[in-house]
Amino acid sequence: MSCHGHNCFTWNGILRDLQGRNMFCRGQPSMSASPTSSNGFEVLLSALQNTEDVQSTVNVLNILDELLSAGTDRRIHYMIRKGGSEALLNALVNNYSGHCAHCNYKIVLPILYLLAKVGHKDRSIGKKAEEAGAVLLTLNLLKNNIKHAKRAAACLLVIQVFAQSVSTATLIGSNQGQDDIYRLMPRYTTENLQTIKASINAFAALLCSNTNISSAVSKGYVSGLLQLYEDWHSKDTKHSAIEIRHALLCCLHRITRRALGRRTFVSQGGLRLLYHTTQTCMLNKCLTSLVEPSVQLMRKCLPKTPLPLTSDHSAYSFPLPARQCTACNVVKTSDGHNLDFLEEDEEDDEECQEAATIDYDDDLETDLNKLCLCPDPDRPKEVLHQYSSLCPELSHDFQELDLSSRRSSPSSSSSSDDHNLACHNGERRWSTEVLSQAKKDPPNQTKSDAAILKAKDFNSHNGLLKTSTVVGSKVIQTREEAKTGPANDDCKDNREENNNSYDFTTIDKLIERQGVFIPYHEPTMYHAAAVKTKSIPGFDILAFPDFLGHVPKPENEPMATRKPGVQRQKVIEDIQRFMNTDDIINQVVFDMEDDRSPDMPDSLRFFSRFECGNLRKAIQVRRYEYDLILNADANCTQHTQWFYFEVSNMEPGVPYRFNIINCEKSNSQFNYGMQPVLYSVRDALNGQPCWLRSGTDICYFRNHFCPARGSRRTTFYTLTFTITFKHNEDVCYLAYHYPYTYTALMAHLKLLHRSIDPTKMYFRQQFLCATLAGNPCPIVTITGCPPSRDYKDIHQLRNRPCIVLTSRVHPGEPNASWVMKGTLEFLCSRDPVATALRETFVFKIVPMLNPDGVINGMHRCDLNKEDLNRQWSKPDPFLCPTIYHTKGFLYYLNSIGRTPLVFCDYHGHSRKKNVFLYGCSMKETLWQSSSAVDTAGLKEDPGYRAIAKALDRIAPAFSFNSCNYTVEKSRSSTARVVVWREIGVLRSYTMESTYNGFDQGIYKGLHMGIRELEEMGRNFCHSLLSMTKDTKELYDTSMINYINLDHNIQDHRSHNIFEDDEPPCAEEIEYSIECPGLPGSDLESDVNKCMACTDEEEGVAHLEGN
Ligand SMILES: [Zn+2]
């Protein structure tokens, strides 16, 4: 157990050495113990406390100091465990009786130094010092030695260490210690710098206590500290006292932890002083270490500014069905809306920080009943029968198989009873041949055409480019002509399909001539689907990228490298808003709630009233800088993260700074290489319709804004990025991630259905239910047609195991939709693996669990302002219809003996890189929680890891080591846990895909793109082959081999699970409390410097100069 096991010294050697020097007094108890049998440290510590001989004590102290400075921190921690702190405290008390005259500083000084070094690493040193009676004794020692710089420094170092504990700091403060030390902090001098520094550090340490902060503020120390800082800053022209200046900044950082301190700092001119000193520091290389602490101090103290909104409530509100009123009262707290006791809290900084750290282990479910008991269904069995219609494959007679020899129109669909989708002739059908060719031939061949278009036709389309309202007006026109049917109506949409009254010729021509082939996308089809989409504000304009479509950028896009000092630069620019208001415009240029946007020729134009759009307000701050405010989720006051808006009227080649100022999360992948995405209509019309990762100078930090009404205790964060637009007269779109609308899903499903060969595969889209806003929620069945209508073939089909996939329960996670798109296209493809999967399984897919949230540009919730992925335990049939009916359908499958083999819910993840799975394992949860339950007797199918293992081999985006199979209490009402526990699906997963990029494998360093998301969706299907061992069909067909097809490119190594989640950033990301440290400065080096000081008795005149 000895932590010194492999280190370079032996105890016996040391102790022989000690004996050889004959340093122990005869008859001391410690000598009676045999050195070989007793621990050496213990011998030394015992000698320290019991010896009265001065030289022996000095020797022991020297040896201890040598031992500790030669080794690592482990030695110090070992000594602490062996009672080292107590021994030193006792030695101090024994050797100092309170009278200077009786004090032998030859012993006391080394004790103090050692105490500082050891106590610094001992978390309970304050408590131990109080118990030993050493706290006030040290303070007394300091008071008696104020004229003696070296002794005072030693006392100050120890006081600094004692003050690590808040209660000890308060004790020292209440005994005037803080005031005594404050008086030791002089104006500029060149003498006794070590002692001065020790006094300032001790003063800073005492400010960990709120009582001490209040007392310091009330005694005017804030202004004193500012004066001291200014004095040292202006007179220390040779920069030999940087450490002192830094220590003063640390005091100010500590004092401004409280709102009281921040207000005083500002009222005493702290902002202006720091702003000016920082200007000088930035010009001088040796002063850079003072810039970051100064900037963070100013950022922290900027006056709180309410968001310029009339209400914190979302601009969108939707009347919930009357029935719910009682329900909403119950759930109100989740909105963070406890208005009653929300006086501004002084400690908002610290409290926010602490809220972010949840004890993970406490969250693990340890109740065996909740881990393995399958509770009774949440509804009577009789109601389940309604879901039988969602298994149409079980009653289908496959008559079309008889027609297959004739090979008539592919539109004679297997599901023509409820789908009138197939009204298209063969030439428009997407066959896999066309698709694969299109992939091989990127739009290069059309480049020259595009160039001509650009030159010749661009002006004639100016109208289109200035704003997309041209497209929008078409939608209105069509909307009026085609009144939509009831939501549950199974796709009676031939009205739109056949309605060609709208004039699309301009755009049609454009699309034809630029010739970009966009798989599974047709603008006219998109348009027709959009007419039926119901939004709260009644969108009548389509965003151009959604309408025209887009293709992935041909090349991979690397994640951005963070420019050193970018956060500092941006924060200084924000501080300048208060310091130098000459160039500040502060003009609202866009307001979602006010259509009368001012016509400002020199400002950008913004727009967001389209599906998935989210931008509430834009304020021009400076000529090329805009503050943007996001809209909270409908009916809510929070969940601002997703954004998607249009911007136009830009000057090309000019960097525009955008600040999204009401972000809520405390950190973001935008600090770790993530870029937002940008789509240029000009580029699209020039043949490159792509969403591109864009933006420079990206960072994310805590800002000075607060809610408009000031009643919620919330701090906001700024996401800032700079865009330099390429073209003038362009219309661009910016988004958090690649948008994927509900309309896109509906159009996609139609095109997919059209693409399949109904004699080979069975594809049927139905509607699970209508959402609160009346949008139909589609559910898709995909399986293979039986080879014939023989009884045994039909029987095989009806006994295929089910696989249930869902996604997009969180509307701000379009990455989940792109993965689902990859899955759907793969399952409908002619790939032999897809064929095998269809012949083996029946896929039941709900591709968008939260259409209303998606349509209205929300981030987290549904219209009932709840996170739908926390509703699975007891979903309300009226408030959460999609969850209620998905769960009901799963109950139904269970009740007819067709419990799904696999369930997976696709999500996006904003804090981690790569793609990974969360699953459920009873045993892993109990192991991780170190529960007392004996898991040996518990039976658990180990197959829950099979899919992750397969993905680890075949999917380069996938990180096996990021997967987790523990069941947390806080997740007990998520799809994954409820489907596992209540429906009894052993392989029940959440699949998380990053918004950012990859830090492992062959994609390491690259951004996640649409291509990689769709590939992940395909690879997930591939991994399902690992499930087919249960089904004898695939044993014969050697399909299992397909799983190895991609093996040669998979040389990736998953990163170590124990590594930090994120690599360290180029600069410290510091939002709130502590002062950024000074490189190469720590307490131990301070102690060593003090020890090395010459022991001068004079030269203390300046010490009391303040
Ligand atoms: Zn999610």
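Predicted model: local features only at pLDDT ≥ 70, side-chain atom pairs only at ≥ 80, totals over all residues.
**Figure 1. Salt bridges across the chain.** Let's start with charge pairs: this structure contains 45 salt bridges. As a reminder, side chains of opposite charge can pair when their charged atoms come close.

**Figure 2. Lysine 197 pairs with glutamate 243.** In this salt bridge, the closest N and O atoms lie 2.7 Å apart. Lysine 197 sits in helix H13 (residues 193-206) and glutamate 243 in helix H16 (residues 242-255), so the bridge ties together parts that are 46 residues apart in sequence. Are the two partners buried or exposed? Lysine 197 has a relative accessibility of 4% and counts as buried, whereas glutamate 243, at 22%, counts as partly exposed.

**Figure 3. Aspartate 231 and lysine 235 pair within a helix.** Here the side chains of aspartate 231 and lysine 235 form a salt bridge, with 2.5 Å from N to O. Both residues belong to helix H15 (residues 221-235); they are four residues apart there, which means about one helical turn separates them. Aspartate 231 is buried, with 6% relative accessible area. Lysine 235 is partly exposed, with 42%.

**Figure 4. Glutamate 1014 meets lysine 821.** The side chains of glutamate 1014 and lysine 821 make a salt bridge of 3.1 Å, N to O. Glutamate 1014 is in helix H43 (residues 1010-1023) and lysine 821 is in helix H36 (residues 814-827), so this pair ties together parts that are 193 residues apart in sequence. Glutamate 1014 counts as buried at 12% relative accessibility, and lysine 821 counts as buried at 10%.

**Figure 5. The surroundings of lysine 553.** Lysine 553 is found in the loop between helix H31 (544-548) and helix H32 (566-579). With a relative accessibility of 25%, lysine 553 counts as partly exposed. Leaving aside residues up to four places away in sequence, lysine 553 touches Cys690, Leu692 and Arg1011. From C-alpha to C-alpha, lysine 553 and proline 689 are 8.6 Å apart in space, while 136 residues apart in sequence.

Figure 6. Histidine 810 lies in the loop between strand E16 (802-807) and H36, and histidine 907 lies in strand E18 (residues 902-909), so the pair ties together parts that are 97 residues apart in sequence. Histidine 810 counts as buried, at 3% relative accessibility, and histidine 907 is buried with a relative accessible area of 3%.

**Figure 7. Two residues with positive phi.** Most residues other than glycine have a negative phi. Phenylalanine 398 is a residue other than glycine, yet its phi is positive, near 55°. Phenylalanine 398 is placed in the loop between helix H22 (368-372) and helix H23 (400-403), and at 0% relative accessibility it counts as buried. Arginine 808 is not a glycine either, and its phi is positive at about 55°. The loop between E16 and H36 holds arginine 808, which counts as buried at 1% relative accessibility.

**Figure 8. Stepping back to the chain.** The chain has 45 helices and 20 strands. It has 1106 residues, of which 58% count as buried. Among contacts between residues at least 6 apart in sequence, 80% join residues at least 24 apart. The accessible surface of the chain is about 44,300 Å², and 50% of that belongs to carbon and sulfur atoms.

Note on methods:
Residues numbered from 1 in each chain as written. Heavy atoms only, no water. Salt bridge = Lys/Arg side-chain N within 4 Å of Asp/Glu carboxyl O. Buried < 20%, exposed > 50% of the residue type's maximum accessible area, 1.4 Å probe, protein only. Contact = heavy atoms within 4.5 Å. Areas by Shrake-Rupley, 256 points an atom, 1.4 Å probe, with all protein chains shown as cover.
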